[in-house]
Amino acid sequence: MERSQWYIGAVNGVVLCIDSNEDNFFQGRVYHAYNKEVIKVCCIEQLLFALDEFYNSIDFPYPSNDERTFQEKRKEKDFKIERERIMSDKELLNKHGDLGTFIIRVQHRQNSSWQGRITWMDKNKTLSFRSVWEMIKLIASALDTVSEQDDSSDGKSWN
């Protein structure tokens, strides 16, 4: 299989490995180059919060809107991490989920949303997304495709 689209390509590229999906609540793991520790996620909300925290911690991509809060803000230096790569792209690309594996590259955080590219490694397909909602729908659609393949008795594959 040609793996031309299997690359991280950005300082904030992450690999999302999804291991199970029941009642639209998936179990998965997120990996990035700055920590060997796995970030476990159990639903889309937890994934979005974890990714947003990661992007804030490396200060990339810089959000076009400031965060609104009525709570006391954390000190900047408390949660900024140095951009020192601990895992290579090769190590990241060797991570795989039981149901699906995605490379997420957020290029911009504008208009209170994210814009970027997502690669479904299992199908070697890359699509652009213009919002967080669109990214969520792409992941959900891929998981639905995998579920339908498992449920189908005729063995046809979805392309």
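Over the ring of which residue does the charged end of Arg-105 sit? In this predicted model, local features need pLDDT of at least 70, side-chain atom pairs count only at pLDDT 80 or more, and totals for chains, interfaces and linings use all residues. Residues are numbered from 1 along each chain as its sequence is written, and side-chain values use heavy atoms, with hydrogens and water left out.

The charged end of Arg-105 sits over the ring of Tyr-7, 4.1 Å from its centre; such a contact requires NZ of Lys or CZ of Arg within 6 Å of the ring centre and within 35 degrees of the ring normal. Lys-95 lies over the face of Tyr-31, at 4.8 Å from the ring centre.

Four aromatic pairs are present, a pair being two rings of Phe, Tyr or Trp (its six-membered ring) with centres within 6.5 Å, stacked if the planes are under 30 degrees apart, edge-to-face if over 60 and tilted otherwise. Phe-54 and Tyr-55 form a tilted pair, 5.6 Å centre to centre with 50 degrees between the planes. Both Phe-54 and Tyr-55 are buried (under 20% relative accessible area, with exposed over 50% and partly exposed in between; 1.4 Å probe, protein chains only). The pair of Phe-102 and Trp-120 is stacked, because the ring centres are 6.2 Å apart and the planes lie at 20 degrees. Phe-102 belongs to strand E4 (residues 100-108) and Trp-120 to strand E5 (residues 115-120), so this pair ties together parts 18 residues apart in sequence; strands are DSSP runs (E, at least two residues) numbered from the N terminus. Phe-102 and Trp-120 are also buried.

Terms used. Helices (H or I, at least four residues) and strands (E, at least two) are DSSP runs, numbered from the N terminus.
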